[in-house]
Amino acid sequence: MHERSSVAELADRLRNELDRYSPGGKLPSSRVLVERFRVSPVTVSRALARLAAEGLVVTRPGAGAFRAEPRAAGPAVGDTSWQEVALSADATTELVPRTVDASGVLVSLAAPPPGVIEFNGGYLHPSLQPERAMAAALSRAGRRPGVWARPPVEGLLELREWFARGIGGAITAAEVLITAGGQSALTTALRALAPPGAPVLVESPTYPGMLAIARAAGLRPVPVPVDRDGVKPDLLADAFRATGARVFVCQPLFQNPTGAVLAPERRGEVLRIARAAGAFVIEDDFVRRLVHEDAGPLPRPLASDDPDGVVVHVCSLTKATSPSFRVSALAARGPVLERLRAIQVVDTFFVPRPLQEAALELVGSPAWPRHLRAVSAELRVRRDAMAAALRLQLPELALPHIPSGGYQLWLRLPDGTGGTSQAFGSGGESALLSAALRAGVAVTPGRPYFSAEPPAAHLRLSFAAVASTAEITEGVRRLRAACAETGSTAEA
Ligand SMILES: Cc1ncc(COP(=O)(O)O)c(C=O)c1O
């Protein structure tokens with residue numbers, strides 16, 4: 001049996017029989033539990049640790065595990081309604097109300113209900129994660145001298161050098177800060193570059209987690225449409241003129257959600273337009289390492305062609321490893337670097353050194369390039385399986401672009417087919433979402449990807465977080481049933 005499920009199972013069984021012991025009473029020894037339940041000592045100690053975390057058991061090293069005494073009654077649950085006033089009544093007259101909405105982020109972090117196929121995940125399925133290589137890296141890192149010492153606040157020099165080499169161009173280690181995942185790097189960058197109330201230009205559609213960061217910082221996201229070649233430069237120039245914005249957030253490579261790659265002729269144009277507007281471009285290079293096997297040579301990061309410090313570059317290891325491998329980099333040139341560094345230090349001090357050391361161990365191991373090649377091959381197979389299943393089962397859903405990197409497909413729902421227009425507004429998306437969940441597949445609605453009114457209803461389907469291509473085929477079949485139920489297909 002899988003270690004994780006046997007821990008859960010043993011914890012359940014022990015939880016159920018805790019009443020047999022009086023409060024403070026001793027539970028059977030680990031050895032007895034090992035024999036009785038026919039599990040390993042590690043499983044026993046993890047199950048006991050789980051019960052201890054729940055407050056049901058107390059473990060005393062050397063003495064054993066005991067049923068916890070009932071907790072002394074704490075103060076009764078008080079009245080927290082005052083917080084509603086405290087969180088909203090801001091004496092300052094902000095132009096843009098700050099709203100903190102985590103839903104767009106939680107979608108890719110929450111585990112789906114059991115039996116539900118996860119087409120809404122934003123990270124690799126555990127079977128695609130380099131679990132062994134990460135475990136080995138972590139254990140080697142744990143033995144490195146000084147692993148628990150304070151790291152330099154900017155990050156370990158060797159790791160900054162590794163990220164700088166990956167970005168390329170003239171970027172040096174001195175221009176790189178180590179951060180705790182792309183989300184935190186984007187937060188630092190947006191807060192550093194735009195004061196509350198300021199407009200920030202964003203691609204449309206774009207990553208809802210970034211829109212959430214902007215709104216939580218009191219910024220005003222202004223959408224600039226993306227087509228299959230990335231952001232439209234003429235509209236970008238118009239948006240800078242109309243808003244006076246000083247920041248544009250861009251994903252030039254395998255954009256989330258469209259998968260678009262910024263066309264070669266647009267790259268220089270985007271930088272020129274931003275430079276002329278006196279604005280920064282935050283380049284979110286989030287899935288460079290999730291390139292598919294059949295992709296041609298990749299364009300370099302915008303930051304590598306940017307002598308004037310227009311680009312603030314963000315890249316992260318999480319997407320190619322695990323959401324828990326929260327190591328990323330912010331790279332920038334010029335005085336802005338000091339602003340970024342100051343905000344990062346004030347907010348988080350630094351990224352835990354053991355994780356930075358583990359990152360160095362991982363990316364320096366022979367397993368790393370092997371892992372990237374394997375993921376690259378598998379993502380291609382999954383992408384093709386999903387696209388083929390969609391074309392066969394749901395030809396009514398438009399699939400305008402098949403990306404050669406990243407982990408998702410972006411589908412446009414048909415306009416007005418299948419009956420009421422309600423079926424295809426955001427209300428229609430959520431009806432489809434609920435029907436899909438009932439049918440056993442979790443999908444992501446398009447609405448949160450648009451910072452203003454969307455041009456059409458969309459769905460985003462991820463193929464990285466599922467267990468296999470068989471799950472992809474089955475998930476599309478379930479989605480077809482949900483579409484038929486809600487009238488989201490022409491035939492329904
Ligand atoms: C476009 C984009 N940028 C950044 C992130 C943040 O990723 P992480 O914080 O895990 O590096 C995500 C996560 O889904 C994303 O889709």
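This is a predicted model: local features need pLDDT of at least 70, side-chain atom pairs count only at pLDDT 80 or more; totals for chains, interfaces and linings use all residues.

Started in the loop between strand E5 (199-204) and helix H9 (208-216), which is where Pro205 is found. I looked up the peptide bond from Ser204 to Pro205, and it is cis, with omega near 5 degrees.

Next I went looking for another cis bond. I found one from Asn256 to Pro257, with omega near 20 degrees. Pro257 also has its place in a loop, the one between strand E8 (247-250) and H11.

One more backbone entry: Arg38. This residue is not a glycine, yet its phi is positive, at about 55 degrees. I traced Arg38 to the loop that links helix H2 (30-37) with helix H3 (41-53).

On to the ligand. How many residues surround it? I get 15, and the closest are Tyr123, Gly182, Asp284, Lys319 and Arg326. I sorted the shell by type and got five nonpolar, seven polar and three charged residues. Which helix gives the most to the shell? That is H8 (residues 182-193), with three residues.

Then I checked distances to oxygen atoms of the ligand. For Tyr123, a polar side-chain atom lies 2.6 Å from one. For Lys319, I also read 2.6 Å, again from a polar side-chain atom to a ligand oxygen. Gly182 uses its backbone instead: an N or O atom there lies 2.7 Å from an oxygen atom of the ligand. Is the ligand buried or exposed in the protein? Buried: taken alone it exposes 400 Å², and the protein buries 97% of that.

Last stop, the pair H10 and H11. I looked up the axes of H10 (residues 233-243) and H11 (residues 264-276), and they come within 10 Å and cross at roughly 10 degrees. Angles under 35 degrees count as roughly parallel, so I put H10 down as roughly parallel to H11. Who makes the contact? On the H10 side I listed Pro233, Leu236, Ala237 and Phe240. On the H11 side I have Arg266, Glu269, Val270, Ile273 and Ala274. Sorted by type, the residues of this contact come out as seven nonpolar, no polar and two charged.

Terms used. Residues are numbered from 1 along each chain as its sequence is written. Side-chain values use heavy atoms; hydrogens and water are left out. Axes are lines fitted to C-alpha atoms, for helices over the stretch in contact, and angles run from 0 to 180 degrees between N-to-C directions. Helices (H or I, at least four residues) and strands (E, at least two) are DSSP runs, numbered from the N terminus. Angles under 35 degrees count as roughly parallel, over 145 as roughly antiparallel, 65 to 115 as roughly perpendicular and the rest as oblique. Contact means heavy atoms within 4.5 Å. Ala, Val, Leu, Ile, Met, Phe, Trp, Tyr, Cys and Pro count as nonpolar, Asp, Glu, Lys and Arg as charged, and the others, Gly among them, as polar. A residue is near a molecule or strand if one of its heavy atoms lies within 4 Å of it. A polar contact is a pair of N or O atoms within 3.5 Å; within protein, one must be able to donate a hydrogen and the other to accept it, and residues adjacent in sequence count only if both atoms are side-chain atoms. Accessible areas come from the Shrake-Rupley method with a 1.4 Å probe; for residues, only the protein chains shown count as cover.
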